[in-house]
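Please keep the 3D view open as you read.

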Amino acid sequence: MESPQKTHVRQHYNKHCEDSVNRHINLELHTYYVYLSMAHFLDREDVPLKNFSQLLLCLSSKAREQAEKLMELQNLRGGLIKLENVQKPDDTEWNSSLQVLECALSLVKRVNKSLINLYDIANDSTDAHLRNFLGRHFLQQQVQSLKELSDLINTQRKLGSQGCAEFLLDNLTLGGGSKN
């Protein structure tokens, strides 16, 4: 089998860009895994926050889709996909939905920072296709996720972080016509 550098489709695809895309693929897969863990924690019978759970399942699905888009990009550009072991979540138990949201926001910020770094690498490599791809498929979605999670955190802080406040936020905000 030919090496990725000798494929016919590969043109102006810097090795540094290819490696950075692979790192981001693996970060998105880790993010998928963490959100999935959070979602199922929130769906436990002793926690039952169904709408919070659905929000995290949606974020999980988006992270997996982002990883798949980047894998398609690697194939499109003649790159080689290099998957690593998916790192397990640091936590699998949380004290409140507020703590889950704060962890999720931290993860969104980490992914956003990685995307900005990847965009900068594409810019330094004068890879217009990669820059355009990231702008079109990733950057706006990340900003929206940051805003949505920040709004939920601020609302929950105003209501309180446990008991009735969690119930109200779960059922009235997330369950009552939210986009999620």
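Let us begin with a pair of helices: α1 passes α2 in a left-handed crossing, a crossing being left-handed if the near helix is turned anticlockwise from the far one by less than a right angle, and right-handed if clockwise. This is a predicted model, in which local features need pLDDT of at least 70 and side-chain atom pairs count only at pLDDT 80 or more, while totals for chains, interfaces and linings use all residues. Residues are numbered from 1 along each chain as its sequence is written, and side-chain values use heavy atoms, with hydrogens and water left out.

**Helix packing**

Two packed helices are described by the angle between their axes and the distance between the axes. For α1 and α2, the axes come within 8 Å and cross at roughly 160°. That makes α1 roughly antiparallel to α2, since angles over 145 degrees count as roughly antiparallel (under 35 is roughly parallel, 65 to 115 roughly perpendicular and the rest oblique). The axes here are lines fitted to C-alpha atoms, for helices over the stretch in contact, with angles running from 0 to 180 degrees between N-to-C directions. The contact of α1 with α2 is made up of 18 nonpolar, eight polar and four charged residues. In this count Ala, Val, Leu, Ile, Met, Phe, Trp, Tyr, Cys and Pro are nonpolar, Asp, Glu, Lys and Arg are charged, and the others, Gly among them, are polar.

**Overall fold**

The protein has five helices and zero strands, taken as DSSP runs numbered from the N terminus (H or I, at least four residues, for helices; E, at least two, for strands). The C-alpha trace spans about 60 × 25 × 25 Å along its principal axes. UniProt, in an unreviewed entry, places the feature "domain: Ferritin-like diiron" at residues 11-160; such annotations may be inferred rather than shown by experiment. Over residues 11-160 the chain is 77% helix and 0% strand, and the end C-alpha atoms lie 54 Å apart.

H12 has a positive phi of about 55° although it is not a glycine, and H12 sits in the segment before α1. T126, also not a glycine, has a positive phi of about 50° and is found in the loop between α3 and α4.

**Pocket and cavity**

On a 1 Å grid over the protein atoms alone, a cavity is a set of points where a 1.4 Å probe fits but cannot get out; a pocket is an open set with protein on both sides within 12 Å along at least five of seven lines, and lining residues have an atom within 4 Å of a point. Grid points are joined across faces, edges and corners, and a volume is the space filled by probe spheres set on the points. By this rule there are two cavities of 30 Å³ or more.

| Space | Volume | Lining residues by class |
|---|---|---|
| Largest pocket | about 200 Å³ | six nonpolar, two polar, three charged |
| Largest cavity | about 100 Å³ | five nonpolar, five polar, two charged |

Which helix gives the largest share of the lining of the largest pocket? That is α3, with four residues. Both α1 (15-42) and α3 (97-124) supply at least two residues of this lining, which includes H30, W94 and R110.

In the largest cavity, the lining includes E28, Y35, K62 and Q141. Here α1, α2 (50-77), α3 and α4 (128-159) each give two or more residues, and the largest share, four residues, comes from α2.
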